Amino acid sequence: MNPVEKHAGKLFILSGPSGAGKGTICKALLAETDLELSVSMTTRNPRAGETEGESYYFVSKEEFLRKIDASGFLEYAEVYGNFYGTPKQPVIDKLSAGTDVILEIDMQGALKVKENYPDGVFIFILPPSMSELRKRLTGRGTETAEAIEMRLGETLKELSYIDKYDYCVVNGQLEEAVARVKAIVTAEHSRVTFTAEELISRYKEEA
Ligand code: ADP
Ligand code: 5GP
């Protein structure tokens, strides 16, 4: 018997500036933990190497708007000129099955999730510096120079919402950042989420 076992999974929300390394950290977490990623839906075009249903569900704007009308999103937002959203049902199903879920979403989306799901754990991934962020976005080679400038311009605005988050992790050295996020997941599973009465009755049942 585990007297503090909880049956519902936990929702972890990872956000932060574009290029800070959210995707890279998520990939490592998926490989090293039991966390499951929520696959978002987007109206942006796939990049080279991205796979339908793994990276994103790539849909038309019409299909995205239909899903909004059907209340099919936990949250959605327009980010850098495209729509992105978290399909609601798969997240609810995973959490009820006891699986931890990770959302890798922008700051606007994170704030909407916080309104509806305050029990979520909100983690902000920071780049070590603006110059390193520029270097990473340029090095990734997936955006035009103009798109990179737009993403860098948004960064300082995004930083102003840091106080809405529970944790921030600077992604300097990748392994250290991943270890810190894993430590947060472990710590969150050690929270006191039950009353004294519940705890005592569980120990009594077993005695
Ligand atoms: P995001 O998902 O936040 O937009 P990515 O995960 O795509 O960012 O990372 C942006 C770029 O920076 C990628 O080319 C990635 O390989 C690189 N990168 C990520 N983390 C690190 C790190 N700790 N050190 C150096 N480069 C990194
Ligand atoms: P990218 O186009 O680089 O894959 O993602 C651009 C931004 O959209 C990133 O900040 C990413 O976290 C965010 N994003 C991805 N999926 C979602 C989502 O489902 N909802 C919201 N709000 N943002 C998302």
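Predicted model: local features only at pLDDT ≥ 70, side-chain atom pairs only at ≥ 80, totals over all residues.

Trainee: Fine. Cysteines to start with: how many disulfides does the count come to?
Mentor: The count comes to 0 disulfides.

Trainee: What cut-off are you using for a disulfide?
Mentor: The two cysteine sulfur atoms have to be within 2.5 Å.

Trainee: And is Cys26 buried or exposed?
Mentor: Cys26 is buried, at 2% relative accessibility. Cys168 is partly exposed, with a relative accessible area of 46%.

Trainee: Next topic, helices. At what angle do α5 and α6 pack?
Mentor: The angle between α5, residues 130–140, and α6, residues 145–159, is about 150°. Their axes are 10 Å apart.

Trainee: Roughly parallel or roughly antiparallel, then?
Mentor: Roughly antiparallel. The cut-off for that term is an angle over 145 degrees, so α5 and α6 qualify.

Trainee: Is the crossing left-handed or right-handed?
Mentor: α5 passes α6 in a right-handed crossing.

Trainee: Which residues meet there?
Mentor: From α5 there are Met130, Leu133, Arg134, Leu137, Thr138 and Arg140. They meet Ile148, Glu149, Arg151, Leu152, Thr155 and Leu156 of α6.

Trainee: How does that contact split by class?
Mentor: The contact of α5 with α6 has 6 nonpolar, 2 polar and 4 charged residues.

Trainee: Moving on. Where is Val185?
Mentor: Val185 is in helix α7, which covers residues 174–188.

Trainee: What does Val185 touch, leaving out residues up to four places away in sequence?
Mentor: Phe12, Leu35 and Asp100. Leu35 is 150 residues from Val185 along the chain, but the two C-alpha atoms are separated by 9.3 Å.

Trainee: Why does Val185 count as buried?
Mentor: Because its relative accessibility is 14%, and buried means under 20%.

Trainee: What about Val192, buried or exposed?
Mentor: Val192 is exposed, with a relative accessible area of 68%. Val192 sits in the loop between α7 and α8, the latter being 196–206.

Trainee: How far is Val192 from Val4?
Mentor: Their C-alpha atoms are separated by 8.3 Å, and along the chain the two are 188 residues apart.

Trainee: I also had Thr99 on my list. Where is it found?
Mentor: Thr99 is in the loop that runs from α3 (88–96) to β7 (101–104). Thr99 is a loop residue that counts as buried, with a relative accessible area of 19%.

Trainee: Which residues is Thr99 in contact with, aside from neighbours within four places in sequence?
Mentor: Gly9, Lys10, Asp34, Glu36 and Lys94.

Trainee: Last topic, backbone. What is the phi of Ser71?
Mentor: Ser71 has a positive phi of about 55°, and it is not a glycine. Most residues other than glycine have a negative phi.

Trainee: Where does Ser71 sit?
Mentor: In the loop between α2 (61–69) and β5 (73–79). Ser71 is partly exposed, at 47% relative accessible area.

Trainee: And Tyr80, what is its phi?
Mentor: The phi of Tyr80 is near 45°, again positive in a residue other than glycine. Tyr80 lies in the loop between β5 and β6, with β6 at 82–87.

Conventions: Residues numbered from 1 in each chain as written. Chains lettered and ligands numbered in written order. Heavy atoms only, no water. Helix = DSSP H or I, 4+ residues; strand = E, 2+ residues; numbered from the N terminus. Buried < 20%, exposed > 50% of the residue type's maximum accessible area, 1.4 Å probe, protein only. Contact = heavy atoms within 4.5 Å. Axes fitted to C-alpha atoms, helices over the stretch in contact; angles between N-to-C directions. Parallel < 35°, antiparallel > 145°, perpendicular 65-115°, else oblique. Left-handed = near helix turned anticlockwise from the far one by under 90°. Nonpolar A, V, L, I, M, F, W, Y, C, P; charged D, E, K, R; others polar.
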